[in-house]
Amino acid sequence: MRHCVALMTALVLTASLVSPAPTPAQPKADIVIGVQCDRSGPTQIVGTVLCPGFHDYIALVNERGGVEGHKITAREIDHEYKVPPAVESYERFKQDHAVSIAVYGTPQIYALTEKLTEDRIPGTSPGFGRADAADGTRYPYIFPIAATYWSQAAAAVDFAKSQLGGQLKGKKVAYIFYDNPAGREPLPVLQDLATKEGFQLREFAVPPPGVEMGAQVLDIAQRYRADFVIAHLFGGAPAVSLKEFRRVGYPLNKIVSFVWGSAEANIEAAGGFRQAEGYYTMQFAGVGSDYPVLKDIREMYKKAGKPAPPEMASTVFYNRGVLIAALHVEAIRNALKAHPNETITGADVKAGFEKISNFTLGGLVPPLKITAADHEGGGLVQIWQVKGGKFVKITDWHSAYPDVIAKHIHEAAAKS
């Protein structure tokens, strides 16, 4: 009996020695997003704040375990708002197997449209870029997500109409713009709307880098005597325009700015909020610090024993960086849910963007829905005003003149 027990014990011990130990679960592969920034160059006022917001949101996601068990890696390259470095950065992102790319700049998205489409990698261009890319059937791998410059132009005209008693016929509207492809993008829509609504439109181009525009502002205020001004300036130019309009006595509550002239830094460089009282701006993400996702980011820093980053105080651009990152993550999440236990591709993430629905990020953006046909999400903007020393939200401004925008989308498709 003892012999049998000893033999059985030996067999068990031998089996335990030769049988492999249970293999621990292998960590899931990181998923790469390419991020273009402009931390230097003429528009660095944006990238130095927006890109930290992007990275902070990715850090928050990773702290919570990533997306479906995958950590997200955001690879950033500063292209200085120049096209050649943007194209070079794209090639590097492709080599890193990025499944989506946060493109920055209208000239850049034009340069990369064909590459993104051929390589089947989705690229985002929120609030800028080629406006005809709102048509997802024509440009399946370009995602404007936020209102394009055509939609911003339509919203600006509609808002001016509301401010001028609901009637634009016979009114004088000035369009002051940064003279580059981004600044010229809205011109066809504005010209059509001038004909449709019967107002006089005069265009005032500001040569880059936008630090001199005294002559244009004087012309708008004292010679043309505009009833309303639509401004499309960025970088340091919005602050210069505000100083000049104030200097010649033009009321700032008769100006509405496109989304890139709408940040705290623009207001502060113009002399502060008290000096910019009345100025209307468009936004595509909420302004201010009282949003759940921002509280979560501050708590993440607190847990790490660090103060919240100073960039968070510049809420317009920082909040946009958080929103853009969150949209990329949401698209990746949708792709992973559709392809569990598989390596996702850019094509999968493209489909993931097109499944984004009722997305608000805790109120940072009105409910957003992207479809295969509509990559813009309906062209919604928010109107805010400098009032009482801060930005105050006036309203969500829904897409205006859809017939005019649809006409230009069809014309652009026919030309190409």
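**Close-up views of a predicted model**

Residues 24 or more positions apart account for 71% of the contacts (heavy atoms within 4.5 Å) in the protein chain with a separation of 6 or more. This is a predicted model: local features need pLDDT of at least 70, side-chain atom pairs count only at pLDDT 80 or more, and totals for chains, interfaces and linings use all residues. Residues are numbered from 1 along each chain as its sequence is written, and side-chain values use heavy atoms, with hydrogens and water left out.

**Figure 1. The whole protein chain.** The protein chain holds 14 helices and 12 strands. Both are DSSP runs numbered from the N terminus: helices (H or I) have at least four residues, strands (E) at least two. Along the principal axes, the C-alpha atoms fill a box of roughly 115 × 50 × 35 Å. Of the 416 residues, 55% are buried. Buried means under 20% relative accessible area, exposed over 50%, and partly exposed in between (1.4 Å probe, protein chains only).

Figure 2. Five strands line up in the order E2-E1-E3-E4-E5, with parallel pairing. Two strands pair if DSSP finds at least two bridges between them. Strand E2 (72–78) and strand E5 (142–143) stand at the edges, each with a single partner strand, so one side of each has no neighbour in the sheet. Helix H3 (residues 83–95) packs on the sheet and touches strand E1 (31–37), E2 and E3. The direction of H3 makes about 170° with that of E1. Axes are lines fitted to C-alpha atoms, for helices over the stretch in contact; angles run from 0 to 180 degrees between N-to-C directions.

**Figure 3. The pairing of E3 with E4.** Strand E3 (residues 100–102) and strand E4 (residues 123–124) pair in the parallel sense over two bridges. Ala102 stands opposite Thr124 in E4.

**Figure 4. Helix H5 against helix H7.** Two packed helices are described by the angle between their axes and the distance between the axes. Helix H5 (residues 149–163) and helix H7 (residues 187–197) pack at about 30°, with their axes 9 Å apart. H5 passes H7 in a right-handed crossing. A crossing is right-handed if the near helix is turned clockwise from the far one by less than a right angle, left-handed if anticlockwise. From H5, the contact uses Trp150, Ala153, Ala154, Val157 and Lys161. H7 supplies Val189, Leu190, Leu193 and Glu197. These residues divide into seven nonpolar, no polar and two charged. Ala, Val, Leu, Ile, Met, Phe, Trp, Tyr, Cys and Pro count as nonpolar, Asp, Glu, Lys and Arg as charged, and the others, Gly among them, as polar.

**Figure 5. Ser257 in strand E9.** Ser257 is found in strand E9 (residues 255–257). Ser257 is buried, with a relative accessible area of 1%. The side chain of Ser257 makes a polar contact with that of Tyr279 (3.3 Å). A polar contact is a pair of N or O atoms within 3.5 Å; within protein, one must be able to donate a hydrogen and the other to accept it, and residues adjacent in sequence count only if both atoms are side-chain atoms. Beyond neighbours within four places in sequence, Ser257 is in contact with Ala231, Ser262, Tyr279, Tyr280, Thr281 and Met282.

Figure 6. Most residues other than glycine have a negative phi, and most peptide bonds are trans. Tyr81, in the loop between E2 and H3, has a positive phi of about 60°. Tyr81 is buried at 15% relative accessible area. Tyr401 has a positive phi near 50° and lies in the loop between strand E12 (390–397) and helix H14 (402–415). Tyr401 is buried at 10%. The peptide bond from Pro208 to Pro209 is cis, with omega near 5°. Pro209 is found in the loop between strand E7 (200–206) and helix H8 (214–224).
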